[in-house]
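Hi there,

Here is the structure I promised to send over. Have a look at it first, and then read on for what I found.

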Amino acid sequence: MMLFKRLMPVVFAVLAAAGPARALDIDVTSFTLANGMQVVVIPDHRAPVVTHMVWYKAGAADEEQGKAGVAHLLEHLMFKGTPAHPDGDFSRIVRANGGDENAFTTQDYTAYFQRVMKDRLPLVMELEADRMQNLELTDETVLPERAVVLEERRQRTDNEPSGLLNEQMDAAMYTAHPYGKPVIGWMPQVSKLTRQDAMDFYAAHYEPENAILIVAGDVTPDEVKTLAERYYGPLKNKRPIPERVRAEEPPPNAERRVTMHDPRVSSPSWQRQYLTPAARQLPARDELAMSLLAEIIGGGNQSRFYQTLAIDKKLAAYSGAWFDDDQLDYGTFGVYASPNPGVTIEAVEAEVDAILNDVVSKGVTQEELDRSRNNMIASAVYLLDSQDKLARLFGVALATGQTIDDVKNWDKNLATVTVDDVNKAARTLLNRNASVTGVLLPGEGGQ
Amino acid sequence: MPKPLHTLLLVVGLFFASAASANAFTIQEVTSPGGIKAWLVEEHAIPLMAMNYSFRGGTEYDPPAKEGVSEFLTGMMDEGAGDMLSAEFQKKRDALAFRMSFDAGSDFFEGSFQTLSRNRDASADLLKLAITSPRFDAEPLERVRQQFLLNVKDKDQDPESLAWQAWMEDILPGDPYSRRDEGTEASIGAITADDLHAAHRRIFNRDTLQVAVVGDISAKELGPLLDKVFGDLPAKAPEQAQLPAAKPAMGPKLQVIKRDMPQSVIVFGTEAIERDDPDFIPAYVMSEILGSGSLTSRLSEEIREKRGLTYGVSYGLNPMTRLGLYAGVLQTKNATAGEALDLAREVMKKYAEDGPTQKELDDAKTFLTGSYALRFSSNSAIANQLLGLQQQNLGIDYVQKRNAMVNAVTLDQVKAQAKRLLHPDRLIVTVVGKPEGVK
């Protein structure tokens, strides 16, 4: 969920950015200020531009019961003003200085960023440091912004059958853990959030020791250090950060199926998601084996899915597999396919199951592993061209309990994965009891 | 003029000066031994190269009953070429790890190519094969047809696509611009390999080729690469009648497409100016203040910030080759559709009458000039910008002159453009949803 719509939703950026490779050898420096704020610097001197980001280790999964959506509402309200910069001056100042800005909220973190010419870095640091501690809200600014968020929900979720289905799939996936509620919040709860709810969340989580500063671009680590100490250094932690202990999922004992009919659906689609551990809980080799499994099953035209579903059996022109474990507590392994006109969901699902069963029982080949590994490394190399994506890669890792070394050693770890590792990943992951299948169909049936 | 024997260079240096830095990048105009021109920015910091290129004549030239053939072509370019069948081509491409994609716009058909430095020559060989002799075999053709049929069905239901499509049909009835770029179920169902060959022959020609290259390659190396990739394309496109200037309809007009959903999508706008209009820059500054995508525009301030009626509202100039349009979109719950649209009209009316304040103009200038460098912060972004400048005939020194042109815009000029281009009384409006109170 973002302040406004301009960039790709963060989930796609993260999926596209599986990780960087040794061929790139990213130049990254990290240090911590005396108040506990972590700083990461990624120099890129190609243009006189910097990307400045502050990530808070607080997201929707950190909300109190009944306050679904408050993390994201606060993200919007952070632009409303402080005594030093009241009435939406933040955006006006950034713009008058030729800057781009936005913000986004996920289950585990909330991030704010600006892209500016390098000489404006002190200015955006001053603004961002100011609103970390001095946010001032009134009902006059909160209520219209809450209405904006309700419109955002209507636009992204309620107007989109696939958005509604995904929300229901998450709710079905998590029995106890808060990942089951949407980041943007449920309509009945969001529409009742108050100024005080937002201020409570702000007071509990927005502290220097709960924040990560990332600066990428035309700067040196020394320059950033001097500026960070000047602007963020004086901020004091006001209270201890609440421990992030969320309810653990009970053992998954039954597979779930969510079917939705909607007259706005043009053609049927099918997907399944499996619950997995999160990156920080997995040894690097196991984690990368899962990424490679997704690539082998559903990445590109050489994958098992495409070869069978699109080419040999002509059942589904679109299909794929993905793995995203860049969250604090759980990850997801997903597969999907859209039946060709005239093909039934049942026919596609049966074939998908046959392919998955074949992978589990017979395993993958060395040739598949090598090809998929090459594809992943190539994608990572192209990431080097994007300052913004590199900055996000480190932000996501650090905000979800991973380390800079986890990111930097990505290619070294990837090289160690064997066929046995991938086969083990397939046997562990593809457990139907830990899955939710989602089916979206045209026609009446509720809404 | 004698045929150049060596790669020719024209060099223009560009400087983004700011208080703390004066970094520069240089655009070189490279002419290959074979006479193919490209704009090049060398950037050796990372071992990658990006090349964006385009040909004139996009979807607007799709033959009647074959709408969507240009887009179909974009999906067939990596499905086999020369003696290589689809699977073999794709295996080789993946082994070399290069990226190749195509996009069919209304006026231009664009290609983009990214390669690792170490595989550059082998990747370029494959790109050349793909764009010179694509195969269009029956198996991939039928497979890709299924994908495009799903696309068409998807667009039929997507509220924003529906609203824009209906709006285009209202403002440009009968013009090729207002046909569906992705085609219809009937037209996609009817496309044959011969149609694809004809579209390929029509589009891929050296006479309308424009190229921008950014990355780890020197001017000396680029010349032969251009000849390798593009040298065997035909010199000229087949003769075909030029399309006449597009004739926009005049509003007011309101069309409501009923759909059962909680939010209405409202598209609204009028005709406007083309990129070569002498007052384009003042008009652009004018439109930035009224309806840029940011939170600080006048429309956003009134409709989003003050009243919370929408997640986003924008209104912007869209200069195309045969006419310009000035249009925007907002989404709001059905109950406030009329209120939000009326507000948009009111904001436009007041702005047309009074224009911006001096402060608004000054802020817009500092934003537009200060943020220009942000458009050039990656290889692929620079390549994209440089190709756009060539398509618009703006000249290799435009990047250098652009901020001065923006700074020279006066308040009177902006006021004149607001009066000239804003017509809230005769908007063409299309709404998808169950709107209340729209008129």
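This is a predicted model: local features need pLDDT of at least 70, side-chain atom pairs count only at pLDDT 80 or more; totals for chains, interfaces and linings use all residues.

Let me start with a helix pair in chain A: α2(A) and α8(A) are roughly perpendicular to each other. The axes of α2(A), residues 70-77, and α8(A), residues 195-205, come within 9 Å and cross at roughly 90°. On the α2(A) side the contact is made by V70(A), A71(A), L73(A), L74(A) and L77(A), and on the α8(A) side by D197(A), A198(A), F201(A) and Y202(A). By class that gives eight nonpolar residues, one charged residue and no polar ones.

The axes of α2(B) and α3(B), the latter covering residues 120-132, come within 10 Å and cross at roughly 155°. That makes the two helices, α2(B) and α3(B), roughly antiparallel. The crossing of α2(B) past α3(B) is left-handed. K92(B), R93(B) and L96(B) of α2(B) meet A122(B), S123(B) and L126(B) of α3(B). Three of these contact residues are nonpolar, one is polar and two are charged.

Now to the domains of chain B. Domain 1 spans 8-230 and domain 2 spans 253-433, and their C-alpha centres lie 28 Å apart. Where they touch, 34 residues of domain 1 are in contact with 28 residues of domain 2. Which element gives the most to the domain 1 side of this contact? It is α5(B), with nine residues. Other elements of chain B that give two or more residues to that side include the strands β1 (8-17), β2 (22-31) and β3 (37-42). By class, the domain 1 side has 23 nonpolar, six polar and five charged residues.

The two chains also touch each other, with 60 residues from chain B and 57 residues from chain A taking part. On the chain B side, α4(B) provides the largest share, nine residues. Among the other elements giving two or more residues there are α2 (86-96), α10 (298-305), β13 (324-333) and α12 (358-370) of chain B. The chain B side has 19 nonpolar, 25 polar and 16 charged residues.

Finally, there is a sheet in chain B to look at. It is an open sheet of five strands in the order β10-β14-β11-β13-β12, with mixed pairing. β10 (253-258) and β12 (313-319) of chain B are at the edges with a single partner strand each, so one side of each has no neighbour in the sheet. From one strand to the next the twist averages 15°. β12(B) and β13(B) run antiparallel and are joined by seven bridges.

α10(B) lies across β12 and β13 of chain B, running at about 150° to β12(B). The other helix comes from chain A: α5(A), residues 139-158, lies across β11 (263-272) and β13 of chain B, at about 100° to β13(B).

Best wishes

Key:
Residues are numbered from 1 along each chain as its sequence is written. Chains are lettered from A and ligands numbered from 1 in the order in which they are written. Domain bounds come from an automatic or database domain assignment. Two residues are in contact if their C-beta atoms, placed from the backbone, lie within 7 Å. Helices (H or I, at least four residues) and strands (E, at least two) are DSSP runs, numbered from the N terminus. Ala, Val, Leu, Ile, Met, Phe, Trp, Tyr, Cys and Pro count as nonpolar, Asp, Glu, Lys and Arg as charged, and the others, Gly among them, as polar. Axes are lines fitted to C-alpha atoms, for helices over the stretch in contact, and angles run from 0 to 180 degrees between N-to-C directions. Angles under 35 degrees count as roughly parallel, over 145 as roughly antiparallel, 65 to 115 as roughly perpendicular and the rest as oblique. Two strands pair if DSSP finds at least two bridges between them. A crossing is left-handed if the near helix is turned anticlockwise from the far one by less than a right angle, and right-handed if clockwise.
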